[in-house]
Amino acid sequence: LGTLYLLPDDVREQALADLDVREKGGYSREIVQVSKINPADLSLTNVTALLYRGQAPPDDVTRSKVGNFWGRLLYDDSHQVAVMSSSVGPSGWNGDYIFELD
C-alpha cells in the first residue's frame with residue numbers, strides 16, 4: 001500500500017534528477033507493476049511505476065556493524081518514524097520532505 005504520483009511531462013526529468021540526489025546512497029530505481037485504485041468504483045488498473053527501493057547494507061561486514069538496524073527499520077513503524085524524522089542527507093533534513101507528502 002502506498003501513494004502513486006503521476007508527474008506531468010514538463011517536470012518529470014527534473015523531478016527524477018532531484019530524487020536521484022535525495023535517494024542516493026542506499027536506494028535503487030526499479031520499474032514495477034502496481035495496482036491503481038479508481039476511487040469512483042474501487043476497480044483496479046495495473047500500471048507501470050518507478051520505485052526507489054531502500055537497500056540493505058551490501059555485505060556481511062557492513063551488516064555486522066549496524067546489527068539488526070535494517071530488520072527493525074522494515075517492520076517497526078515507530079523506529080521508521082524516529083529514523084526518518086531525525087535523518088539528514090545530502091539534500092537536507094528528511095522532515096522537509098516528509099511533511100510535504102500528502
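## Strands and their pairing

Two strands count as paired if DSSP finds at least two bridges between them. Strands (E, at least two residues) and helices (H or I, at least four) are DSSP runs, numbered from the N terminus. With that in hand, look at Arg-29: its opposite number in S2 is Tyr-52. S1 and S2 run antiparallel, and 11 bridges join them. Between the strands of this hairpin sit six residues, and Leu-42 takes a positive phi near 60 degrees there.

## What kind of model this is

This is a predicted model, in which local features need pLDDT of at least 70 and side-chain atom pairs count only at pLDDT 80 or more, while totals for chains, interfaces and linings use all residues. Residues are numbered from 1 along each chain as its sequence is written, and side-chain values use heavy atoms, with hydrogens and water left out.

## Salt bridges

How many salt bridges does the structure hold? There are three, where a salt bridge is a side-chain nitrogen of Lys or Arg within 4 Å of a carboxyl oxygen of Asp or Glu.

Start in helix H1. Arg-12 and Asp-9 form a salt bridge at 2.7 Å, N to O; both belong to H1 and are three residues apart, about one turn of the helix. For exposure, buried means under 20% relative accessible area, exposed over 50%, and partly exposed in between (1.4 Å probe, protein chains only). Asp-9 is exposed at 64%, whereas Arg-12 is partly exposed at 32%.

Back to Arg-29: its side chain meets that of Asp-20 in a salt bridge of 2.9 Å, N to O. Arg-29 is partly exposed, at 42% relative accessibility, and Asp-20 is partly exposed too, at 34%.

Arg-53 comes out partly exposed at 37%, and Glu-30 partly exposed at 25%.

## A nonpolar patch

Tyr-5, Leu-7 and Val-11 make a nonpolar surface patch of about 250 Å². Patches are made of residues with over 30% relative accessible area and no salt bridge; like charges are joined within 9 Å, nonpolar side chains (Val, Leu, Ile, Met, Phe, Trp, Tyr) within 5 Å. The areas come from the Shrake-Rupley method with a 1.4 Å probe, and for residues only the protein chains shown count as cover.

Where does Tyr-5 sit? Tyr-5 is in the segment before helix H1 (9-22), and Tyr-5 is partly exposed, with a relative accessible area of 45%.
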